[in-house]
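Let's take a friendly walk through a structure together, one piece at a time. Keep the 3D view open as you read.

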Amino acid sequence: MDAAFFLRWLAAAAAAVDREADRLTELDAAIGDADHGSNLRRGFAAVATALDAGPPGTPGAVLALAGRQLISTVGGASGPLYGTLLRRTGKELGDAQRVSVAELGAALRAGVAAVAQLGGSAPGDKTMLDALVPGADALGASDAAGDPFDAVRAAAEEGARATEALRARKGRASYLGERSVGHLDPGASSSALLFATLAEVAR
Amino acid sequence: MAQEGRVGVVVVSHSGPVAEAVAELARGLAGLTTAPVAPAGGTRDGGLGTSADLVVEAARAVDGGAGVALLVDLGSAVLTVKALLAEGDELPAGTRLVDAPLVEGAVAAVVTSATGADLDAVAAAAEEAYGYRKV
């Protein structure tokens, strides 16, 4: 995978976020402050614009630039969280021109660990980590059998679905306590979307 | 706004008016017309939320070389500042996130900064604000 692959991924992610923004905001209306979709739409639109204006030449630089844009423009907590995910993953990839699936898996796990540290969260807290951790782990665990990115997509989707039964322990949803149970977590849902677009461009 | 040798204080809130009012309150209670305190509230377009760019601009504006104390409200304000600090290259050297209540902490920080105290003392004064029980 080269820089062009990562540019295609983020373009696909921006398109998917734009398409699904209303659904994400609806999910956030139930247990948050009803801005997740619109915040991410603004952030990923800025990512697409920045990458179009000056596409970086390496996978790491593509992800680092995208992450910085998200931190600047999203406005909500998902900005620094997704920004840290992409930027840390990009830094892990260094200045390699091409990266392997195994290298991306290791870098993504480092990026996800940075998100967990920033938010002080763990899987089971009903956050984006419930999709990011199984997704990144699936890429690490992939061997020859099957499409590794399809395993990532499936694991992240399953993780996002499982947040419905969880009680929120982080962010605004945690104020709702038991009333947060029975709703999908918007952050886990957008994380599943991010990994679904990765599988889409890898296909 | 930067004053040589004074610790800068930045008030980061989800709301522009809240950040401005808290900075103004701290400046007023410190008895100063010019204190190294700056607001970074809301998003660039005036909405609710946190702007990393506004935080960086405010920190640079109040940096007098003695460090900058960042006071934040909640959620994305905390995470944005932590993400900026983790990068290490955007905020002035000696910028610190202070664990304190926003209003009381900002007043304590600005009053302490005005005495010429160092960053450790400014941060400690702000953090002590958690200890003042009201009931």
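The expected span of a helix is 1.5 Å times one less than its number of residues. Keep in mind that what you are looking at is a predicted model. Now try the rule on helix H3 of chain A, which covers residues 59–73. With 15 residues it should span 21 Å, and its end C-alpha atoms lie 22 Å apart, which agrees.

Where do the residues of this helix sit? Buried in H3(A) are A:Pro59, A:Gly60, A:Val62, A:Leu63, A:Ala66, A:Gly67, A:Arg68, A:Leu70, A:Ile71 and A:Ser72. Their cover comes from both chains: it includes helices H1 (3–31), H2 (36–53) and H4 (78–93) of chain A, along with helices H2 (52–62) and H3 (76–87) of chain B. Following H3(A) you come to A:Gly75, which has a positive phi, near 90°.

Next, look at A:Asn39, a residue of helix H2 of chain A. Is A:Asn39 buried or exposed? Its relative accessible area is 7%, and buried means under 20%, so A:Asn39 is buried. If you leave aside its neighbours within four places in sequence, A:Asn39 is in contact with A:Val74 and A:Gly76.

Further along chain A, find helix H6 (residues 129–141) and helix H8 (residues 186–202). They pack at an angle of about 30°, and their axes are 7 Å apart. Angles under 35 degrees count as roughly parallel, so H6(A) is roughly parallel to H8(A). On the H6(A) side the contact is made by A:Ala131, A:Leu132, A:Gly135 and A:Ala136, while H8(A) brings A:Ala188, A:Ser191, A:Ala192 and A:Phe195.

Now turn to chain B, where an open sheet of four strands has the order S2-S1-S3-S4, with parallel pairing. At the edges stand S2 and strand S4 (95–97), each with a single partner strand, so one side of each has no neighbour in the sheet. Neighbouring strands are turned by 20° against each other on average, direction ignored. Helix H4 of chain B (residues 102–114) packs on this sheet and touches S1, S2 and S3, with a direction that makes about 170° with that of S1(B).

How are the strands joined? Strand S1 (residues 8–13) and S2 of chain B pair in the parallel sense over five bridges. Strand S3 (residues 68–72) of chain B also runs parallel to S4(B), to which three bridges join it; there, B:Ala69 stands opposite B:Arg96. Although S2(B) (residues 37–41) is an edge strand, it is mostly covered, with four of its five residues buried.

Let's finish with B:Val11, which is found in strand S1 of chain B. B:Val11 stands opposite B:Pro39 in S2(B). At 0% relative accessibility, B:Val11 counts as buried. Which residues surround it? Leaving aside neighbours within four places in sequence, its contacts include B:Ala19, B:Val22, B:Ala23, B:Ala38, B:Leu71, B:Leu102 and B:Ala106. Finally, B:Val11 and B:Pro36 are 25 residues apart in sequence, and their C-alpha atoms are 11 Å apart in space.

Technical notes
Residues numbered from 1 in each chain as written. Chains lettered and ligands numbered in written order. Predicted model: local features only at pLDDT ≥ 70, side-chain atom pairs only at ≥ 80, totals over all residues. Heavy atoms only, no water. Axes fitted to C-alpha atoms, helices over the stretch in contact; angles between N-to-C directions. Helix = DSSP H or I, 4+ residues; strand = E, 2+ residues; numbered from the N terminus. Parallel < 35°, antiparallel > 145°, perpendicular 65-115°, else oblique. Contact = heavy atoms within 4.5 Å. Buried < 20%, exposed > 50% of the residue type's maximum accessible area, 1.4 Å probe, protein only. Pairing = 2+ DSSP bridges.
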